Amino acid sequence: MKPQMINATPSRRSVLKGLTAGGALAVGGFPGFLQAQSSAPIKLGFQLHRTGIGAAYGRWYERTTQAALKRLNEAGGINGRPVEVIFEDDGTDPKRGSEVVEKLASQHGCDAIFGPLFSHVVIGSAPRAGELKVPYLVCSEGFHVASGMLNRWTLQPGITDVRAQVTAMAPWVTQTLGKKVTMVFPDYAFGHDHRDFFTAAVEAQGGEVIAQLAIPPTETSFTRYFPRIPAETEVLYHVMVGPAVLTFVKELGEFYGSGEKPQIFGFIDSLEAVDLASPGLEFLEGTHFWEGQCRTQQPDATEAEIAYRAAVGVDANGASVADPKDISTYSHMFSCWETLFILKAGMEAAGYQSTADRKKLVEAIEAMTTMSAGTEHPQGDKRFNGKTHQVFGHQFISRVEGGKLIRVHTTSLEDGMYDDMVDYTTQSF
Amino acid sequence: MKALALHLALIGALLAVQVVLPPYHYTNVARVMVLAVYAMGYNIAFGYTGLLSLGHALFFAAGMYATGLAVHSAPALLALPLGMLAGAAMALAVGLLALRTAGVAFMIVTLMFAQAGYLTILYYGPVTGGDEGFVLAREARMLAGLDLSADGPRYLTALAIFGVALLANLALVRSGFGRVMVAMRENEERSRMLGYDPFRTKLIALTLSGLYSGTAGAAYALMFGYVGASFAAIQYSILPLLWVLLGGAGTVLGPFFGALLMFYLIDLSSSVTDASNLVVGVALLVLVLFAPKGILGTIRERGARWLP
Amino acid sequence: MAAVLALTAVGLSLVFGVMRVVNVAHGEFFMLGAVAAWFVTSWMPGPPWLGFVATLLLAPLAVAAVAALADRLVLKRLNYDPEATIVATIGLLYILQQAALSLYGPDARPVPAPFELRLQLPWFGYSGYKLFVVAAAGLVLLAVWLIMTRSRIGLVMRATQIDRPTAQAFGIDVDRVYAGVFAMGAGLAAIAAVLIVPIQQAHYLMGGDPLLLSFIVVIIGGLGSLRGTLVAALLIGLSDGVISVFYAPTLAKILATLFVALVLVFRPQGLFGAKA
């Protein structure tokens, strides 16, 4: 498709735009107009789960982004221009999500939009972002981007997707914990991704998933499902999300109690924003978790990570410095920080001036490959696949010891990689 | 005559206003028109016939999924009527069972059917995409040559569907059958004695209501390119009830103004305060305390008795 | 679970039975009870059981006060018109949810159980606290039943339920009865929440599920019938569990839901309600 395609036909809107621009020219003259363009702040929209089911994440996503924004502006902004982030609540609802994308792009005139976490919001909003031709950078860890379901304007450069996370876990789990695995997961798309990709990855490692327990999404009590876990299970793999997760973990603890139990491996998604020292969670002692970034500060933490922690306001236990009971969503929220700096890198590489350069911005991000660890990437180095619009980072496995998460394994970038399922760069804008 | 002129004037105004609407509102008014069709459908059952259902999301979702899934392999021109029929058929099936009950029991039965429908969508994840849903490709959203992913055609399509639905609604409530519907709401026993079959009347009204809901769901899928389970959740059964009550139950124009007002209430409150739910809650209380008949209902009471 | 469900549902059933009001905000009173429990236990010094006892007294009272206020300010002015009260309680639901989100936050927070006791059976363990919950819920239900059938207050309530104008003619202050019933219904939901919250957690969106379930229970049991509500709570709890032994859990939910709907269709008066 030719580049001038965006405004090829004089639509109602471009006519209006032309009129306004004409007016500006008449009043201020051409040089003044250019001047206003180059020193005005860059506006970024943040699609925030402030209310609804995603609110616990949303709050930390906002804090992280504010901290990153402060750092970014202190260091001179983007292309010398200050940066402004406009937060808009989507209620963690796909319909409102798509309206929010519209609002940020059309009404606020944002240069790009980022930040949504929940998959159904991302999938519900991405079509609108594509229609409006606005770069849409999601922080969702969903497999929806790399699966080829979305569009040229939607990218996930800040966080590894669930397929890669799960695949990277299988070698260590089968080699260290055991080969006969029982999986417990929520019976919807997020859980199904875990089921499908982990089952395949375990089989590739010579292990076997002997039972799969899908829990209905509306469930609030889980005790009656546990007797279905086969007795010969060596590893119990659990991943739950939503407000009932803590109940799930506690009831699992009651079920096994002090009796004989399999090795337990879980995704920290179950316990994001939850204190591991909560009553009823004692049985987690000695079990293992996937982490996207280590909540408990490790002895070998990098300088960049320590600075990141301080900037966001998180203590060494992963809680807010203002309130030790307020636990962060540490394994996910770094994606907001990194995504903001990727926008900076992309805009600077593209020589971004105005919304007319949005296409160049997407192309600049697609051209990215390795991202090295540091202030801009406190979670660690990553490799970006421009074709699938998906980034791959290191994953961590931690063991609970004395209520703290101690890292025992770090995966390599290659552990999580899989064959490309899409080449977005061949799609039209 | 006055009524017909008023409704035509609204359609005309919506046609005219698109020239001046800024882009953001351009899309949103299109969205509100589609949702207003849903609300009108709800109003046929609730406002006119007195059937308080909490399961209309099932009919909306039936239309949405039927069209969304069909459009993978069929042209949109075929998928759209399929979705409309799916909504009507679902309402007919639910009605055959649920209309054996009345009042609060009817409300709960419809709620249960809708909940079962919602869970079914989640259960057949490989087909429906579960809670995540799926997007419709741009090529699939071409309705007889109109690209529904572009703003202009989308607005005009929404207006066309809305206009037809509005005028059909007007014709319905002014017909003999429309009066029988109202009679059911006011006094079922008496209408039965006058020789009308309550079950049949209510079943037809509910099916028509399902047709409207399915149409809205199908149109929504094509226009906004997304099909997802959240539209089948209980929240989307409560929303049309709110729109209808806000605009005025038992008025033809009420659902549109209810949906429009509710949208802007949420939209504007979210820019003023973080606590947008609070604003909505307070607005509902104020409304129900001081204008219990809704906007149009209150206007009708205060003089404009000819309002249909 | 069934015991707590019964408790919540009885509250809803009372309100509906006496006042003919469908209280959509009932689940939010449940949520408020749980949130109140979190506040009380985290501020109360001393051992967990002390905080728990304090919660059990304070939370229902606080929630009942909120409910009475809502009744006086809103519902009474609506003359308890069925449709208007549905809208009003939906409005109330939004307000309470937002209040909880703003003042309490979006996290699910745990509340310590008054005692930790695990019954270790050879093949799996069971929480002693859960058995306590069943017993406590049973006691509360018994108390409600006694109040309704044996006390003057109960008599007044039943009189108002059966024939409002006549009750009024006999000098019963119907407004006060209504406010009392609404508060009591909310208080029962709060007690249920306080009992359950050490098992689950306090979360601002937790009101949805109990609302749905107790609606079902109330309808199945027959409107306003306490005995029916109890049996229905057990039935629902069990049918869900039994079906899930044979089918995939989500499929079990679907079948259980359809089953409940069909019971309603073919016995619209509920299992124990009087013939209409």
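Modeller: In chain A, 7 strands make an open sheet with mixed pairing, ordered E7-E6-E8-E9-E10-E14-E15. Strands here are DSSP runs (E, at least two residues), helices are runs of H or I with at least four, and both are numbered from the N terminus. Two strands pair if DSSP finds at least two bridges between them. This is a predicted model: local features need pLDDT of at least 70, side-chain atom pairs count only at pLDDT 80 or more, and totals for chains, interfaces and linings use all residues. Residues are numbered from 1 along each chain as its sequence is written, while chains are lettered from A and ligands numbered from 1 in the order in which they are written.

Biologist: Which strands stand at the edges of that sheet?

Modeller: Strand E7 (208–215) and strand E15 (404–410) of chain A. Each has a single partner strand, so one side of each is left without a neighbour in the sheet.

Biologist: What does the twist average from one strand to the next?

Modeller: 25°. Angles run from 0 to 180 degrees between N-to-C directions; axes are lines fitted to C-alpha atoms, for helices over the stretch in contact.

Biologist: Do E8 and E9 of chain A run parallel or antiparallel?

Modeller: Parallel, with 4 bridges joining strand E8 (residues 235–238) to strand E9 (residues 263–267) of chain A. A:Leu236 has A:Ile264 in E9(A) as its bridge partner.

Biologist: Which helix lies across E8 and E9 of chain A?

Modeller: Helix H5 (residues 162–177) of chain A. H5 also lies across strand E10 (288–291), strand E14 (396–401) and E15 of chain A, and runs at about 170° to E9(A).

Biologist: Switching to the sheet of 8 strands. What is its order?

Modeller: E2-E1-E3-E4-E5-E13-E12-E11 in chain A, open, with mixed pairing. Strand E2 (83–89) and strand E11 (370–371) of chain A are the edge strands, each pairing on one side only.

Biologist: How many bridges between E5 and E13 of chain A?

Modeller: 2 bridges, in the parallel sense, between strand E5 (residues 154–160) and strand E13 (residues 390–393) of chain A. A:Thr160 has A:Val391 in E13(A) as its bridge partner.

Biologist: And which strands does H2 of chain A lie across?

Modeller: Strand E1 (42–48) and E2 of chain A. Helix H2 (residues 55–74) of chain A runs at about 170° to E2(A).

Biologist: At what angle do H2(A) and H9(A) cross?

Modeller: Roughly 35°, with the axes of H2(A) and helix H9 (residues 330–350) of chain A coming within 8 Å. The contact includes A:Trp60 and A:Tyr61 of H2(A), and A:Trp337 and A:Phe341 of H9(A). Two residues are in contact if their C-beta atoms, placed from the backbone, lie within 7 Å.

Biologist: How does that contact of H2(A) with H9(A) split by class?

Modeller: 11 nonpolar, 3 polar and 1 charged residues. Ala, Val, Leu, Ile, Met, Phe, Trp, Tyr, Cys and Pro count as nonpolar, Asp, Glu, Lys and Arg as charged, and the others, Gly among them, as polar.

Biologist: Zooming out. What are the helix and strand counts of chain A?

Modeller: 10 helices and 15 strands. The radius of gyration of chain A is 23 Å, close to the 22 Å that the globule rule gives for 429 residues, so chain A is as compact as a globular protein of that length. That radius is taken over C-alpha atoms, and the rule is 2.2 Å times the number of residues to the power 0.38. The C-alpha atoms fill a box of roughly 80 × 40 × 35 Å along the principal axes.

Biologist: And how many helices in chain B?

Modeller: 14 helices, along with 4 strands. The C-alpha box of chain B is roughly 55 × 45 × 40 Å, taken along the principal axes.

Biologist: Interfaces next. How many residues does chain B give to the contact with chain A?

Modeller: 25 residues, against 30 residues from chain A. The largest share of the chain B side, 4 residues, comes from H2(B). By class, that side has 8 nonpolar, 14 polar and 3 charged residues.

Biologist: What about the contact of chain C with chain B?

Modeller: It takes 29 residues from chain C and 30 residues from chain B. H4(C) gives the largest share of the chain C side, 11 residues. By class, the chain C side has 21 nonpolar, 6 polar and 2 charged residues.
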